[in-house]
Amino acid sequence: MSAHEEDRIRELLRQALTRVVAESKPAPEPGIDLWPAVLHRLDGQPAAQDIQSWLGWVRLGSSWFDWALLAGVAVVTVAFPASIPLFLYYL
Amino acid sequence: MGTWPNAAMVDEAGLLDRFRQGDVDAFEELFRLHQRAVYGWVLRIVRNPAAAEDLTVETFWRIYQARGRFEASRTFEPWARRIATHAALDWLRVQRPESELTAELLSAQSRSTADPGVTAEIRVKTWQAFMRLPPRLRVAAILAVVEEQPHKEVAEALGISVTAVKLRVFRACRLLRKDLERQGITP
């Protein structure tokens, strides 16, 4: 592509897409104050991660075998409290 | 980008130090100083005010997350611009070209130009061909050609060399010419 052709394409581009921010005009501003949204994002992220990890655990542990195993362990610990240290040892 | 209002007037050294330590008040001060410039920069790339607002929030969130990697020897502005550019690029990558039939297309159809040889049809086809370019070429072309930003600033924002920016603009022009030729338009 020659320099002339490149210049022509550049010119076409300038005509098809005008400048969003003209030098002569003041810089554009957001329509709203964005700081509350940034704060919300900063505050919300850890909480969202916690919820996601909890939901992930529930999803992973929702097979019937996992729940049956959990119920069995609960029954054994209630019936034989002395077995708790043994469970803790193997955790 | 040109001007980052107020930024030059404020001694940012202490502010940046507090920001690096995770001080939210210092971060808010930085945000107030630079949000307009970040918004303007992103708007130049995505050309959609609502998306630019979302991406400004995303940029400052990324800035806060990356505060530990900020080098004290650097200035905040180019660093923020680079993060903003990458956030905008990520956004462009997930947008479908047909979803961007915005007011800009209508404007291209109706715009009266200095060159009477360029019809509304050519402008619209150029716009459509431009939207089909890979995002990284689009960003280089839009910043360097349409928004007329200095190549050095574009290079810093994209994290590439000035030569690479020129190469991307050249490739964008070449692909545009081929696309227009396929549509029967000889630029």
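**Close-ups of a predicted two-chain model**

**Figure 1. Helix H3 of chain B, end to end.** Start with H3(B), which covers residues 49–65. This helix has 17 residues, and from its first C-alpha to its last it reaches 24 Å, close to the 24 Å expected at 1.5 Å a residue. Keep in mind that everything in these views comes from a predicted model. Which residues of H3(B) are buried? They are B:Ala51, B:Ala52, B:Leu55, B:Thr56, B:Val57, B:Glu58, B:Thr59, B:Phe60, B:Trp61 and B:Ile63. As you trace that list, here's a handy rule: an α-helix has 3.6 residues a turn, so residues three or four places apart point the same way.

**Figure 2. Helix H2 of chain B and its bend.** Now slide back to H2(B), residues 24–46. With 23 residues, a straight helix would reach 33 Å at 1.5 Å a residue, but the end C-alpha atoms of H2(B) are only 28 Å apart. Where does H2(B) bend? Look at B:His34, where the helix bends by about 50°. H2(B) is also mostly covered, with 17 of its 23 residues buried. Just after this helix sits B:Arg47, which takes a positive phi of about 60°.

**Figure 3. Chain B as a whole.** Zoom out a bit and you'll find 9 helices and 0 strands in chain B. Chain B has 187 residues, and 37% of them count as buried. Take the contacts in chain B between residues at least 6 apart in sequence: 63% of these join residues at least 24 apart.

Figure 4. At the meeting place, 11 residues of domain 1 are in contact with 13 residues of domain 2. On the domain 1 side, H2 and helix H4 (76–94) of chain B each supply at least two residues. The largest share of that side, 7 residues, comes from H4(B). Sorted by class, the domain 1 side has 4 nonpolar, 2 polar and 5 charged residues.

**Figure 5. Where chain A meets chain B.** How many residues does each chain bring to the contact? Chain A gives 26 residues and chain B gives 38. On the chain A side, helix H1 (3–16) and helix H2 (35–60) each supply at least two residues. H1(A) provides the largest share of that side, 10 residues. By class, the side of chain A that touches chain B has 16 nonpolar, 2 polar and 8 charged residues.

Terms used. Residues numbered from 1 in each chain as written. Chains lettered and ligands numbered in written order. Predicted model: local features only at pLDDT ≥ 70, side-chain atom pairs only at ≥ 80, totals over all residues. Helix = DSSP H or I, 4+ residues; strand = E, 2+ residues; numbered from the N terminus. Expected span 1.5 Å × (residues − 1). Bend = angle between axes of the 7 residues up to and from the residue. Buried ≥ 20, exposed ≤ 12 C-beta atoms within 10 Å, placed from the backbone. Contact = placed C-beta atoms within 7 Å. Nonpolar A, V, L, I, M, F, W, Y, C, P; charged D, E, K, R; others polar.
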